[in-house]
Amino acid sequence: MSLQETHASQSMFLLDTHCQRKEGILDEEALQVTQQLLSSNPDFATLWNYRREILMHLETVKEKDEVQKIYEAELAFLESCLKLNPKSYGSWHHRCWVSARLPRPDWSRELSLCDRCLSLDDRNFHCWDYRRMVVKVSGVPVAQELGFTDRLIGSNFSNYSSWHYRSTLLPLLHPESPESPSPSHEPPQPSPSHSPQTQSHRVCEEQLLKEYELVQNAFFTDPNDQSAWFYYRWLLGRAEREEMISCVYVSRDEERVAVAFSRPVNAQSVSLLLVLDGQPQKVEWKSVHPRFKHSPVCICDLPPGTISDITNEHNLTVHWTEKYTHRDCALYTGRTESWCRDSATDQELFRSELSVEKTSVLQSELQSCNQLLELEPLNKWCLLTIVLLMRALDPLGYEKETLAHFQTLKEVDPMRSAYYSDLCSKFIIENTVLKMEYAEVRVFSITDKNLTTLCHLDQLLLVTHINLSSNQLQQLPPQFAMLQCLEVLEVDNNRIENLEGVYHLPKLEEVLLKNNKISALADLQPLASCPKLRRLDLRGNPVTQAANIESELTALLPSVTDLLL
Amino acid sequence: MAEEENQFEEFDQIDFLRDRHVRFFQRTLQVLPERYASLETTRLTIIFFALSGLDVLDALDVIEKNIMIEWIYSLQVLPTEDQSNLSRCGFRGSSHIGIPYSTKGPGVLHPYDSGHVAMTYTGLCSLLILGDDLSRVNKQACLAGLKALQLEDGSFYAVPEGSENDIRFIYCAASICYMLDDWSGIDIQKAIEYIRGSLSYDNGFGQGAGRESHGGWTYCAIASLCLMGRLEEALSQRELDRIRRWCIMRQQTGFHGRPNKPVDTCYSFWVGATLELLDVFQYTNFEKNRSFILSTQDRLVGGFAKWPDSHPDALHAYLGLCGLSLIGEPSLRKVHPALNITQRAFQHLQHLQQTWRGSAGSCSRQH
């Protein structure tokens, strides 16, 4: 500890011992000593607290005018501290406190302090936070602050902190009107809590168009500065879609009901009510895999004999009681299964990155970005934004261009090429889901596309045949167990070493795993949970070299009659 | 201002000067130059950087662990005989207030003595790193002190008499509860609401609602949610993907903390660990990251600085090592990305927690 600090703590010890006996007499000295110390070390938090105590005490014994003077002196002292160290938490916090206690605050003086501080460092977030407090407490109109950001951005488009501030102001001034298409028809839910992404922070359309113009000026002027691009992305974005049951599936053979939700739920705690032919059913909802507790798909088994008679028609309703929503499903005579769903297309599932605004507006934005791309063909922000717009307008129609742009992205921003590959895989999966739905088939096929991971598996609840051959997959994770209708799994020529997700798939009959990396019998354990499995192709896997593999497999998987090693 | 992507030369074969870094941390634990005097009140955090740094370097044998353990326990603010100061308990940053040295209770009541949430956090980490079994930590007192710091909006003060409040201290609180295996010190639901409210328009996290996104606060947000076991409940897949995108874009060569700011060694950990927790760290460019970190290595005195040709300091020295550890630098121990201690120290913690649960019978862990 330095000499200074020793002196400080000794003084304090002395001082407060004194204070306990003679209140107020040594306050002046205490203020002087702490002032000296804080000038050189504004992060000595205890000293600021000590000062606050003294000041609060003085408030009770001095006249209002004197108190005003004392606090103004405090502000002057703080200004000198901030000049030395503009990023001290202690100093800014104390200034907040003083400003709030000043009998006659001078808010314009505080704003001008902020202006000066920001002119030296426009990214000083302490100063920005302080400014926000001043604006709030003094009631500066939002429109005036918006004008402030206009000036800052106008003089320097690259002012990221200004764009950020604007993003918080704009929705206050021009909120989305209640009549505009808003996903939620119910009264506002108490949770989850708001973030700028959620509905209440969106901006009305008229103002949005003006903002687009402002932002386009910015990124046409300096296409390499990311400030405007991030702001633009936010402008184009939209709220989360409403929460609902996206699919109810029922199967007579297993007497099982599977429910898919628009977001993951916890099977144990989600409030679901199953009504069968007008009668509430007591069932146990579970997730599809014990290691996958927070999942968009839940399943339950009906008591045996409930729906097994194919000559009976049944009506099911699943109520998601806490969200005041439900979905019906009718199981007809002669049919072994039934479902009711909104397709990914209906839900605009993959397009919902962007706003629900008029297509013409998005077309026009796409046009502007394409114009910029002609001038700046290697600009990654432009490419990313174009991809976003194309996926919003017509994911299948623009598929070829999207893939080409991803290729370019990997070339112009090679540092992130692995990330772009992953993003591209995701889009390929999304497009395959859409194509599958347009064709109204239950077959999902992506081969030879360098897929390394899987996503949107909740969209594959109804799929009966899946072909993922010739990719780079290493595992079929627990999420894979959402494919409750799967009958045939083709995943030849990958790098599969983990089959965790092939778990209790009641209809699974064939698993084709040629040329993968299954190395131990234990890796195949999950397959034993699939009662209908009869055909298994393990050729070209290390596990086939193990001793006695054939007899071990027969013991593990007795239902398999067609085993290829 | 255009991105400065060619700011730094490509270094081909920079050696990692392990011994210099060991010496750097050793000196940190002994004597610091006068300009460090202002850090006296937060001395325990500097100790943590040095200890954990030595741990990452697998060089803890160069220090006398028992002496350190005693010193850390002397910083514990213990309950007084009448337990009237429970809401002020925890660990203090150093002896600067002048409380007489003592490693056992009962505590001495002093109007200006209290725990500080970041000191309690780094104090517990340091004890774990040194192999202590935390048996002398008054857990109930620490948790009572912690509880007293949480505000209505879910954030935390650093000290009971008040200070600024934001997401940094939520992270400290979550770490404390995680280590003590007891979540009674924090209202998790409120903390989650504060964290969610800090998500900014560009999908980074600010220090609080309406504040600018920043790599450090994003780490605090994500790491806290991971420690609480609530990452996927608190944030939707879509939000997580957007957050991944904001974080991935922070890499220039090394990482910066905010758009249009220069790269800084410490963000190789803050952002790197966040990406690791979000399962996408493998999509970053390891080579460029490594080159940048090593360009800030001080070849003379050891340690790392925030920028090349700058003075090294304990924080950047430690986080630079953690950044290298994340990319798998050989000879460095692996770091637990959420708790920010080595996996070795983490395993010691797990072992301790098993014995606690064994004797207690019931489990209050959040997972």
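**Figure 1. Contacts between chain B and chain A in the predicted model.** In this predicted model, 62 residues of chain A are in contact with 59 residues of chain B, contact meaning heavy atoms within 4.5 Å. The two chains bury about 5600 Å² between them, and 50% of that lies on carbon and sulfur atoms; buried area is the accessible area (1.4 Å probe) that two parts lose on being put together, summed over both. B:Tyr112, B:Tyr201 and B:Tyr283 supply 17% of the area that chain B buries against chain A, more than any other three residues. Residues are numbered from 1 along each chain as its sequence is written, and chains are lettered from A and ligands numbered from 1 in the order in which they are written. Local features need pLDDT of at least 70, side-chain atom pairs count only at pLDDT 80 or more, and totals for chains, interfaces and linings use all residues, while side-chain values use heavy atoms, with hydrogens and water left out.

**Figure 2. Salt bridges and polar contacts across the interface of chain B and chain A.** Three salt bridges are counted between chain B and chain A, each defined as a side-chain nitrogen of Lys or Arg within 4 Å of a carboxyl oxygen of Asp or Glu. B:Asp241 pairs with A:Lys426 in a salt bridge whose closest N and O atoms are 3.3 Å apart.

**Figure 3. Helices on the side of chain B that touches chain A.** Helix 7 (188-197), helix 9 (231-234) and helix 10 (237-248) of chain B each supply at least two residues of this side. Helices (H or I, at least four residues) and strands (E, at least two) are DSSP runs, numbered from the N terminus. Helix 10 of chain B gives the most, with seven residues. By class, the side of chain B that touches chain A has 24 charged, 20 polar and 15 nonpolar residues. Here Ala, Val, Leu, Ile, Met, Phe, Trp, Tyr, Cys and Pro count as nonpolar, Asp, Glu, Lys and Arg as charged, and the others, Gly among them, as polar.

**Figure 4. Buried residues of helix 3 of chain B.** In helix 3 (residues 65-73) of chain B, the residues B:Met68, B:Ile69, B:Trp71, B:Ile72 and B:Tyr73 are buried. Buried means under 20% relative accessible area, exposed over 50%, and partly exposed in between (1.4 Å probe, protein chains only). The elements of chain B that cover these buried residues include helix 1 (18-30), helix 2 (43-56) and helix 4 (117-129), together with strand 1 (76-77) and strand 2 (90-91).

**Figure 5. Positive phi at A:Asp277 and A:Asn548.** A:Asp277, a residue other than glycine, has a positive phi near 50 degrees. A:Asp277 lies in the loop between strand 3 (272-276) and strand 4 (279-281) of chain A and is partly exposed, with a relative accessible area of 39%. A:Asn548 is not a glycine either, and its phi is positive at about 60 degrees. The loop that holds A:Asn548 runs between strand 14 (535-537) and helix 16 (549-556) of chain A; A:Asn548 is exposed, with a relative accessible area of 57%.

Note on methods:
Polar contact = N/O pair within 3.5 Å; in protein donor to acceptor, adjacent residues only side chain to side chain.
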